[in-house]
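Subject: Structure handover

Hello,

Please find the structure below. My notes on its salt bridges and its ligand follow.

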Amino acid sequence: MDPVRRQYEDYPYPSRDPADEKKRLITGSPSHPVEIDHFIFGGKRDWSAPFRVLVAGGGTGDALVMLAQLLNDRKTPAEIHYLDLSTSSRAVAEARIAARGLSNVSFHTGDLLTAPELGPFDYIDCCGVLHHLPNPQAGFDALAAALSPEGGLGGMVYAPYGRSGVYPLQEAFGAAFAQMSPADKVAAARETLEQLPPSHPFRLNPLLGDHASGDAGLYDLLLHSTDRAYLAGEVIESLEHAGLKLSNFVEPARYDPRLYLGAAAAAGAEKALREMSPADRATLAEKLAGNIKTHLFYATPASRNVAPASLKPDLIPVLHKIDARALANSVHKTGKMRFVADGLTIERPVNRALAPLLAAIDGRTKLGSLQQRAGIDWLAFAQAVAPAFRALDGFNILRYSTFLAS
Ligand SMILES: C[S@@+](CC[C@H](N)C(=O)[O-])C[C@H]1O[C@@H](n2cnc3c(N)ncnc32)[C@H](O)[C@@H]1O
């Protein structure tokens, strides 16, 4: 059997217990409908219209369950297709969907290279899969061919620097434990990790935790047979080769080199940065950051023209992954916003007078209505909110979407 399929038959990843569906819904990026709307549909999708989705390499079902549940709750007429090589991962995903009594999902066992046979899709999720293909570009190409011309893709692939220490160990374990059974490989890797020199880059990297989450996590991180990491610019190139274009990375601010440069350094580098391609600029930011473990991205067919969601009166702002009142209270108290991402902490000053506006962002009210309530004209309103909105957008907190509006 193909070693990647063998791995995910033995160790479905991530490890999930269908009984937990009674307790919580896992949500995240990519593929939260609010993000899909923002990055793929300009913040204006009509969620009462039919929506055909593929979850390619759906694994144990995190994105599948999130999409199936949220689209069901929103009463979107959705048809969601799950595709994965591993029958044991599929069994977990099926049990999770059954535990929730959802009926908007069809399950398929197979290679994502066959995705075009199931298409076309309005949206494709492919999280943590393409970097495990023997020919990842063929995977990008197949997903692009399965997309509707008006659709889009949300994906995740590994990044090298945030995973520092992983690849030397993967290579070493791969060679040293080649003759062992999967269970013996896990035991041998655990024993070796305990004795790893304290100065090994793997030990020095505080961002890595999967190996501590159980055998499936350890196998996925350190014993994988087929795993390549992408620089940000390489993601853009692979998308372009497949006829797609990047909508954006998540979080977008982390792909701007200026986030990491002091004021004098940024001024000196300005011309060089301006003359670089977006792909080179994103890779440069990644090198300065050093803490990007995965690239989360949204993309659309290159031929598609959709106005990006941004500060416009007819769009509905959503404070995503954060409580609007908590954010407003903290702005009121401190006059700043703080963003934390993989060890990086960024603070931005905010006008305290914006606190009531932030508290009023309920995911249902258009910006134009919020502006009218503020009693000022659009230009003055846009100027007043722009710096705070830019910061919130950069850290994927402010999104534009009709998803929550009835
Ligand atoms: C790391 S898991 C990620 C699962 C899921 N997407 C998630 O984010 O939780 C990778 C999954 O991709 C599947 N996979 C790997 N290569 C594949 C291929 N060529 N076609 C379909 N599925 C594949 C594996 O079986 C596994 O379930």
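Which residue's side chain meets that of Arg304 in a salt bridge? The partner is Glu150, at 3.7 Å from N to O; a salt bridge here is a side-chain nitrogen of Lys or Arg within 4 Å of a carboxyl oxygen of Asp or Glu. Arg304 sits in the loop between β7 (294–301) and β8 (317–319) and Glu150 in strand β5 (residues 147–158), so the pair ties together parts that are 154 residues apart in sequence. Helices (H or I, at least four residues) and strands (E, at least two) are DSSP runs, numbered from the N terminus. Arg304 is buried, with a relative accessible area of 6%, whereas Glu150 counts as exposed at 52%. Buried means under 20% relative accessible area, exposed over 50%, and partly exposed in between (1.4 Å probe, protein chains only).

On provenance: this is a predicted model, in which local features need pLDDT of at least 70 and side-chain atom pairs count only at pLDDT 80 or more, while totals for chains, interfaces and linings use all residues. Residues are numbered from 1 along each chain as its sequence is written, and side-chain values use heavy atoms, with hydrogens and water left out.

Other salt bridges

The whole structure holds 25 salt bridges. Arg96 and Asp62 form one of them, at 2.8 Å from N to O. This pair links distant parts of the chain, with Arg96 in helix α4 (residues 87–99) and Asp62 in helix α3 (residues 62–73), 34 residues apart. Both Arg96 and Asp62 are buried. They also belong to a network of salt bridges with Arg16, Asp20, Glu21, Lys23, Arg24 and Arg100.

Asp10 and Arg6 form a salt bridge with their closest N and O atoms 2.9 Å apart. Both lie in helix α1 (residues 3–10), four residues apart, about one turn of the helix. Asp10 is partly exposed at 33% relative accessible area, and Arg6 is partly exposed at 35%.

Ligand

The ligand is surrounded by 19 residues, each with a heavy atom within 4 Å of it. The closest are Gly57, Asp84, Asp111, Leu112 and Cys127. A polar side-chain atom of Asp84 lies 2.6 Å from a ligand oxygen atom. On the backbone side, a polar atom of Leu112 is 2.9 Å from a ligand nitrogen atom. The protein covers 94% of the 600 Å² of accessible area that the ligand has on its own (Shrake-Rupley method, 1.4 Å probe).

Regards

How values were computed
A polar contact is a pair of N or O atoms within 3.5 Å; within protein, one must be able to donate a hydrogen and the other to accept it, and residues adjacent in sequence count only if both atoms are side-chain atoms.
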